[in-house]
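Here is a walk through one protein structure, with attention to its aromatic rings and to one of its sheets. Keep the structure open while reading.

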Amino acid sequence: MKEDWIECKLEQVCSILDNLRKPINATERRKRIEGKSQVDLYPYFGATGQVGFIDDYLTDGEFIVIGEDGAPFLDMTRNVAYKIAGKTWVNNHAHILNSHFNNDFLLHYLNQMQLREYVTGTTRLKLTQSALKRLPLKVPPLPIQRAIVTKIENLFTSLDKGIEDLKKAQDQLKIYRQSVLKKAFEGELTKEWREKQTDLPTAEELLEQIKEERKKYYEKQLSDWKIAVKEWEENGKEGKKPAKPKNNIKKDSVPEEDILLLPSIPKNWEWYTFGIIADRIFDGTHFSPKSFAHGDFKYITAKNIKENGINLSNITYVSAEDHHSIFARADVREGDILYIKDGATTGIATVNTLKEEFSLLSSVGVFRFNQKYITPKFVAYFLNSEVTRKRMLSNIAGVAITRLTLEKLNKSKTVICSLQEQYQIVKEIESRLSVCDQVEKTIEESLEKAEALRQRILKKAFEGELLSESEIAECKKAPDYEPASILLERIKKEK
């Protein structure tokens, strides 16, 4: 323990004012503030900060608020306490504290504490009032408290400026990524490469090849079906008659008036609908089976679809019985593109290496292409373009649950060029975005280090290591300097 510091329990130096808090549900608050001016309303606070407004107040002054439940007690990168001032209202998801020394010192102290052994519960952690009272505090003399707070806040100001610059760089990278994708699908990235080619097939020729392949496949399916029907008849028509295959040769084209509204593209490129060029567009099951933390088959939903692939960090599972009953609607193969079609935002993932079957929810659409003519990465990058997203989302339907229907996915437009140029475009994109990935990684590591530095600053502060000897000597010259033990005795008398 540093000279003149003292260790005590929180209840010895703080007043816990939970009698000043009161919950009001959202419906009641809406009724109470309806039609009232903003100047007649007061901030309404919960476990982690302000959650709305109310037409009255219960507290008037400066207080420290710490979550009772619903706060990130085990996440050291996030604060569990915050300060309120003026006329406010706090609900029952937070404790209200008033220190008898320095509120800012208490605020920073609480935000660096390891609270694991003081919280209870499993799915929703709770810091009870009895546990709050037992929290250990190291309290220095008042002038040292003020000096520590000043130094913390000066260091945090510099740190926050660095974090702000890093986040700006992240935003600039996002803009650059979208610029790369925009130029790619306007033909700019492959302009010089294209001018050197002499025998590139046109997009129309590519489409004809796709149609011819489908025609042959359909004719084979039809021939197999006729044989199966004949065998069924020879067996006395036992069982269900074999279903006739559907003709997948699509003849639709993009109307000329629609093309005029789309971005201009190079010669030999074409605008087609996804329905024309895709072998199949479908979605997952509409059955919504019960999911579990562990099980037989992974269950992919919108939350697992990320731009760089399928994220399995928060995966759930379905039973083998449910999986096999719905698998006809979740027949995902290597090279398929998964697309979030339900919700206000979209996301795209390509299935690069599929080593297992999994079940799929209807919120995820699937694009499947003949990879002899269309490379999935080309389409995935096209779908990840912000220009494409906005164009597709303009077709979104629904109010409570917004979604892109399969019909609208089929009718959405895409650019197509020769397979050779598709590969070249992917190469040009990835050569540029790989640099972005490296810079992004460096920024993320720097942000993590910044958050770790914040915790190191607080740790040093409350171990008495943040102030220099000369700074401590200046504190001792203050007229109100006294050992914390005397401060504690005075607080006891005041309480």
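Phe378 counts as buried because its relative accessibility is 1%, and the cut-off for buried is under 20% relative accessible area. The model is a predicted one. Phe185 has a relative accessible area of 7%, so Phe185 is buried as well.

A pair of aromatic rings is described by two values, the distance of the centres and the angle of the planes. A search of the whole structure finds 13 aromatic pairs. One of them is formed by Phe105 and Tyr109, with 6.2 Å from centre to centre and 40° between the planes, and this pair is tilted. Both residues belong to helix α3, which covers residues 103-110. Phe105 and Tyr109 are four residues apart there, about one turn of the helix. Both Phe105 and Tyr109 are buried.

Phe185 and Phe378 form another pair. Their ring centres are 5.3 Å apart and their planes stand at 70°, so this pair is edge-to-face, given that planes over 60 degrees apart count as such. Where in the chain do Phe185 and Phe378 lie? Phe185 is in the loop between α5 (142-184) and α6 (191-195), while Phe378 is in helix α11 (residues 376-384).

Arg280 lies over the face of Phe282, 3.8 Å from the ring centre. Over the ring of Phe156 sits the charged end of Arg454, at 4.9 Å from the centre of that ring.

Now turn to the sheet. Four strands make up an open sheet in the order β4-β3-β8-β5, and their pairing is mixed. Strand β3 (residues 42-45) is joined to β4 by four bridges, and the two run antiparallel. Tyr44 stands opposite Gly52 in β4. A helix accompanies these strands: α2 (residues 26-33) lies across β3, β4 and β8 (87-90). Helix α2 runs at about 45° to β4.

Terms used
Residues are numbered from 1 along each chain as its sequence is written. This is a predicted model: local features need pLDDT of at least 70, side-chain atom pairs count only at pLDDT 80 or more; totals for chains, interfaces and linings use all residues. Side-chain values use heavy atoms; hydrogens and water are left out. Two strands pair if DSSP finds at least two bridges between them. Contact means heavy atoms within 4.5 Å. Axes are lines fitted to C-alpha atoms, for helices over the stretch in contact, and angles run from 0 to 180 degrees between N-to-C directions. Rings of Phe, Tyr and Trp (its six-membered ring) pair if their centres lie within 6.5 Å; planes under 30 degrees apart count as stacked, over 60 as edge-to-face and the rest as tilted. Buried means under 20% relative accessible area, exposed over 50%, partly exposed in between (1.4 Å probe, protein chains only). A charge sits over a ring if NZ of Lys or CZ of Arg is within 6 Å of the ring centre and within 35 degrees of the ring normal.
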